[in-house]
Amino acid sequence: MANRVFNFSAGPSQMPLEVLEQAKNEMTNYAGTGTSVMEMSHRSPAFEGIIQEAERDLRDLLSIPSNYKILFLQGGASSQFSMVPLNLMTKNNKADYIVTGAFAKKAFAEGKKFGDCLDVASSADKNFTYIPNLSDIKLRKNADYVHITSNNTIYGTRYAQFPDTGSVPLVADMSSEILSRNIDVSKFGLIYAGAQKNVGPAGVCVVIVREDLIDEPQKNTPAMFTYKLHSDNDSMYNTPPCYPIYICGLVFKWLKSIGGVDAIEKINIQKANLLYDYIENSKLFTSPVVPEARSIMNVTFVTGDKDLDAKFVAEAKAQGLINLKGHRSVGGMRASIYNAMPVDGVKALVAFMQKFEKENI
Ligand SMILES: *Cc1c(COP(=O)(O)O)cnc(C)c1O
């Protein structure tokens with residue numbers, strides 16, 4: 001595919017080419033059904049096979065224990081900002097939030113609508129360039145959950161370790177890193193991730209939730225915002241986002257075919273090291289993030305000169321390295337190097353950065 005570019009978008013992001021090709025081949029006739037997945041009933045045996053297999057493959061990939069439910073929901077990760085408090089803040093009506101970026105702030109603001117939410121720690125004082133020291137954080141023993149954003153898409157930070165919340169369930173927004181590194185799901189009460197960063201197309205959000213946390217929600221919670229309803233109906237209470245779920249299933253198969261999360265984690269570390277090692281030695285580019293909190297999915301960097309940053313982004317684009325502009329709240333550049341970004345894409349980016357540095361220093 002000579003006309004493909006390396007797409008460093010933070011989301012929706014580059015997909016594995018093999019997945020797109022397979023979807024193309026099956027577009028008008030899925031597995032001999034004579035219909036596209038887009039056209040089939042969500043109650044048909046063919047689609048039931050698709051969703052069940054997607055769930056099984058995700059369970060394999062992350063070794064999700066059997067006492068966790070996997071839900072495929074709509075409304076993006078942003079709906080989870082409300083669904084989590086509505087469904088989990090039901091015992092003491094309290095929750096603790098660690099605020100490490102723009103999405104964490106949104107989650108916290110939403111949580112406050114539904115109960116007593118406390119920002120127990122934040123890295124806002126240094127524009128979210130670090131993760132607060134977890135041993136300093138005082139968590140409330142009677143909180144219904146602790147909420148974190150495990151990888152901060154906009155700022156390029158991530159938790160190297162996760163907080164130990166004892167018997168209080170840990171809830172994590174993993175939208176921009178799910179399936180990029182090994183995690184122990186049993187340490188979490190609930191994990192959610194919008195698909196369009198590392199899993200599939202926009203339109204579906206994956207929720208992995210411990211069964212004992214699926215209970216009656218707060219009073220007047222809309223049906224569509226009730227985990228119990230979706231769980232009791234195996235994500236088929238209403239029409240699920242069928243086509244995005246199918247594509248997620250293809251991505252899971254692709255990931256399994258290349259060796260699963262262990263294999264991709266090694267590749268992701270290799271890709272991130274290529275970039276960070278170069279930036280560390282560069283006389284032009286610097287990373288705004290403290291080394292121990294650097295994300296292996298979203299790599300932010302700056303020249304310190306707005307015009308030069310803009311020139312970099314434009315010239316990179318002309319070379320087929322697209323969507324490198326940083327988020328408007330950070331400026332500079334951001335290379336999102338999710339699972340589907342090949343090592344060659346990162347090598348091409350580093351080579352371009354070296355050339356740009358020579359020409360502009
Ligand atoms: C992109 C993103 C979101 C928002 O996801 P939507 O699906 O657009 O609602 C939330 N959290 C994180 C960490 C993200 O990267």
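**Ligand shell, domain contacts and local backbone features**

A nitrogen atom of the ligand is 2.6 Å from an N or O atom in the side chain of Asp173, which is a polar contact in the sense of a pair of N or O atoms within 3.5 Å (within protein, one must be able to donate a hydrogen and the other to accept it, and residues adjacent in sequence count only if both atoms are side-chain atoms). This is a predicted model, in which local features need pLDDT of at least 70 and side-chain atom pairs count only at pLDDT 80 or more, whereas totals for chains, interfaces and linings use all residues. Residues are numbered from 1 along each chain as its sequence is written, and side-chain values use heavy atoms, with hydrogens and water left out.

**The ligand and its surroundings**

- The ligand is surrounded by 13 residues, and the closest are Ser78, Thr153, Asp173, Gln196 and Lys197; a residue is counted as near if one of its heavy atoms lies within 4 Å.
- By class, this shell holds three nonpolar, eight polar and two charged residues, where Ala, Val, Leu, Ile, Met, Phe, Trp, Tyr, Cys and Pro count as nonpolar, Asp, Glu, Lys and Arg as charged, and the others, Gly among them, as polar.
- Helix H3, residues 76-88, gives the most to the shell, with four residues; helices (H or I, at least four residues) and strands (E, at least two) are DSSP runs numbered from the N terminus.
- An oxygen atom of the ligand lies 3.1 Å from a backbone N or O atom of Ala77, and an N or O atom in the side chain of Gln196 is 2.9 Å from an oxygen atom of the ligand.
- Taken alone the ligand exposes 390 Å², of which the protein buries 86%, with accessible areas from the Shrake-Rupley method and a 1.4 Å probe (for residues, only the protein chains shown count as cover).

**The two domains**

- The chain is divided into domain 1 (18-257) and domain 2 (260-360), with bounds from an automatic or database domain assignment, and their centres, taken over C-alpha atoms, are separated by 27 Å.
- In domain 1, 25 residues are in contact with 25 residues of domain 2, contact meaning heavy atoms within 4.5 Å.
- Between them the domains bury about 2,000 Å², 54% of it on carbon and sulfur atoms; buried area is the accessible area (1.4 Å probe) that two parts lose on being put together, summed over both.
- Ile154, Arg158 and Ser180 supply 24% of the area that domain 1 buries against domain 2, more than any other three residues.

**Backbone features**

- Gly11 and Pro12 are joined by a cis peptide bond with omega about -10 degrees, and Pro12 sits in the loop between strand S1 (6-7) and helix H1 (17-25).
- Asn127, a residue other than glycine, has a positive phi near 50 degrees, and Asn127 is found in the loop between strand S4 (116-122) and strand S5 (146-149).
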